[in-house]
Amino acid sequence: MLLMEKTKSLSGIATLPQPNCVSALAPCTPFINSTTLEPTSECCKPLYNALNSTLTCVCSIYGNSDFIQKLKFNAKAVLSLPMRCGLEFDLLSGCAGIFF
């Protein structure tokens, strides 16, 4: 069931409730819409934890174009957030093995 929901969210067919890790990443919101603001530790620490413990959830956010569009996230800022936090993680390649 969970895999089916993730597959639907990636194709944009179904509208799903927000993934579980979204609330933990709420402090990153200002930095998801800007490539010039430097993320704070209040954003980077939860992002680090999410990438290490709930990668599938993080990738489900990245892979859900409807979710990203509804929140009007800047795609470039989303993809560069780990790097801007000093984390050696590329969302494109890191999520490729999970959903793509």
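The model is predicted, so local features need pLDDT of at least 70 and side-chain atom pairs count only at pLDDT 80 or more, while totals for chains, interfaces and linings use all residues. Residues are numbered from 1 along each chain as its sequence is written, and side-chain values use heavy atoms, with hydrogens and water left out.

Let's start inside. The largest nonpolar core has 25 residues, and Leu47, Val58, Leu81 and Cys85 have the most contacts within it. Such a core is a set of buried Ala, Val, Leu, Ile, Met, Phe, Trp, Tyr and Cys residues joined through side-chain atoms within 4.5 Å. Buried means under 20% relative accessible area, exposed over 50%, and partly exposed in between (1.4 Å probe, protein chains only).

Six of the eight residues of α4 are buried, among them Val58 and Cys59. Leaving aside neighbours within four places in sequence, Val58 is in contact (heavy atoms within 4.5 Å) with Cys21, Leu25, Ala50, Leu51 and Leu91.

Next come the four disulfides, each a pair of cysteine sulfur atoms within 2.5 Å. One joins cysteine 28 to cysteine 43. Cysteine 28 sits in the loop between α1 and α2 and cysteine 43 in helix α3, so this pair ties together parts 15 residues apart in sequence. Another disulfide links cysteine 44 to cysteine 85; the torsion about its S-S bond is about -80°, so it is left-handed. Cysteine 59 is also bonded, to cysteine 95.

Technical notes
Helices (H or I, at least four residues) and strands (E, at least two) are DSSP runs, numbered from the N terminus.
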